[in-house]
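Colleague: I am new to reading protein models. Could you walk me through this one, feature by feature?

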Amino acid sequence: MAKPVTLRAGYRHIDLDNVISTNSIAYEHFENGDPGKLWITAIQQSGGKGSRGRNWVSVPGNLYASLLLISKLKPDRIANLSFIASLALHDALKNYLPEDSITLKWPNDVLINGKKISGILLENHPCQNGKSGVIIGIGVNCNSHPTDTTHTATDLKELGKNVAPLELFQHLAANINKYLEIWDEGNNFGTIRQLWLDKAQGVGEKIFVKMPKQEVSGIFERIDEQGLLILKTTDNNHQRISTADIFFSNSNQKSA
Ligand code: BTN
């Protein structure tokens, strides 16, 4: 039997069997007045949500977790939480895999030897009282991965590691708390940004950027103070990118 999960004081955890989406369950708790610091995990999801309206294949054996936080921060600060979640995942995975095999891909993917092992979906639900329900949804491929994805995926089992989803969750939750403390509600995003950049892939290199209404190539110059990607385009302009899929010139992407 799995060991009970220990969480930081003030945090709660509900572990469920089969749900549509752990993000949707977290949202229901928010709508019912939950005070936040609530983790929802599930064994499987029938309607797992991915980024940009995609679905997230959610069969048993992988980790599906969502953290509900209640925040008074502005949306640009809340967006910082993508970096916190990916740093926390990086450190959780470090318990099982060589550190130099783990890199971070803007905005919030974690790659192992260039292959995607996880997904992060950040949802922000502002309320009239100035507070937001912020949901950080995290999926990690522990036991299997889909093969029909844009970016080649992997899983811990394929990498020779048998890791129970809730064991990984324990490391993830502890590391989220660590990075939330460093972040200090955005007052210290500079430190988070630098820690993220230290592990990032593709900075200074040519990338292809696919946005909902535009596709552009250029040099991934840096991440700005808000976490936006600064792209130096071929006409020497600088474009600030807030949401996009990025592709490295030399990577495991299947198609751009
Ligand atoms: C991505 O497309 O990369 C983001 C995927 C996020 C998946 C996780 S699994 C737990 C949580 N519940 C969901 O429905 N989605 C997120």
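**Salt bridges, ligand shell and backbone**

Modeller: Start with a pair of charged side chains: Asp224 and Arg240 meet in a salt bridge, 2.9 Å from N to O. The term means a side-chain nitrogen of Lys or Arg within 4 Å of a carboxyl oxygen of Asp or Glu. Asp224 sits in the loop between β10 (215-223) and β11 (229-233), and Arg240 in strand β12 (residues 238-241), so the pair links distant parts of the chain, 16 residues apart. Helices (H or I, at least four residues) and strands (E, at least two) are DSSP runs, numbered from the N terminus.

Colleague: What should I know about the model and its numbering?

Modeller: This is a predicted model: local features need pLDDT of at least 70, side-chain atom pairs count only at pLDDT 80 or more, and totals for chains, interfaces and linings use all residues. Residues are numbered from 1 along each chain as its sequence is written, and side-chain values use heavy atoms, with hydrogens and water left out.

Colleague: Is Asp224 buried or exposed?

Modeller: Buried means under 20% relative accessible area, exposed over 50%, and partly exposed in between (1.4 Å probe, protein chains only). Asp224 has 4%, so it is buried.

Colleague: How many salt bridges does the structure hold?

Modeller: There are 10. In one of them, the side chains of Arg54 and Asp245 come to 3.1 Å, N to O. Arg54 lies in the loop between β2 (38-45) and β3, while Asp245 is in strand β13 (residues 245-248), so this pair ties together parts that are 191 residues apart in sequence. Arg54 is partly exposed at 37%; Asp245 is buried at 18%. Shared partners join Arg52, Arg54 and Asp245 into one network of salt bridges. Another salt bridge pairs Asp109 with Lys105, with the closest N and O atoms 3.7 Å apart. Both Asp109 and Lys105 are buried.

Colleague: Now the ligand. How many residues surround it?

Modeller: A residue counts as near if one of its heavy atoms lies within 4 Å. By that rule 19 residues surround the ligand, the closest being Ser21, Gln45, Lys49, Ser51 and Lys116. The shell divides into six nonpolar, 11 polar and two charged residues. Here Ala, Val, Leu, Ile, Met, Phe, Trp, Tyr, Cys and Pro count as nonpolar, Asp, Glu, Lys and Arg as charged, and the others, Gly among them, as polar.

Colleague: Which atoms come close to the ligand's nitrogen and oxygen atoms?

Modeller: Look for polar contacts (N or O pairs within 3.5 Å). A ligand nitrogen is 2.9 Å from an N or O atom in the side chain of Gln45. A ligand oxygen is 2.7 Å from a polar backbone atom of Ser51. The protein covers 98% of the 410 Å² of accessible area that the ligand has on its own (Shrake-Rupley method, 1.4 Å probe).

Colleague: How do I check a helix?

Modeller: Compare its span with the expected one, 1.5 Å times one less than its number of residues. The 13 residues of helix α3 (residues 81-93) should span 18 Å, and its end C-alpha atoms are 18 Å apart, which agrees. In α3, 13 of its 13 residues are buried.

Colleague: And the backbone?

Modeller: Most residues other than glycine have a negative phi, and most peptide bonds are trans. Watch for exceptions. The peptide bond from Trp106 to Pro107 is cis, with omega near 0°. Pro107 is in the loop between β4 (102-105) and β5 (109-112). Asp184, not a glycine, has a positive phi of about 55°.

How values were computed
Polar contact = N/O pair within 3.5 Å; in protein donor to acceptor, adjacent residues only side chain to side chain.
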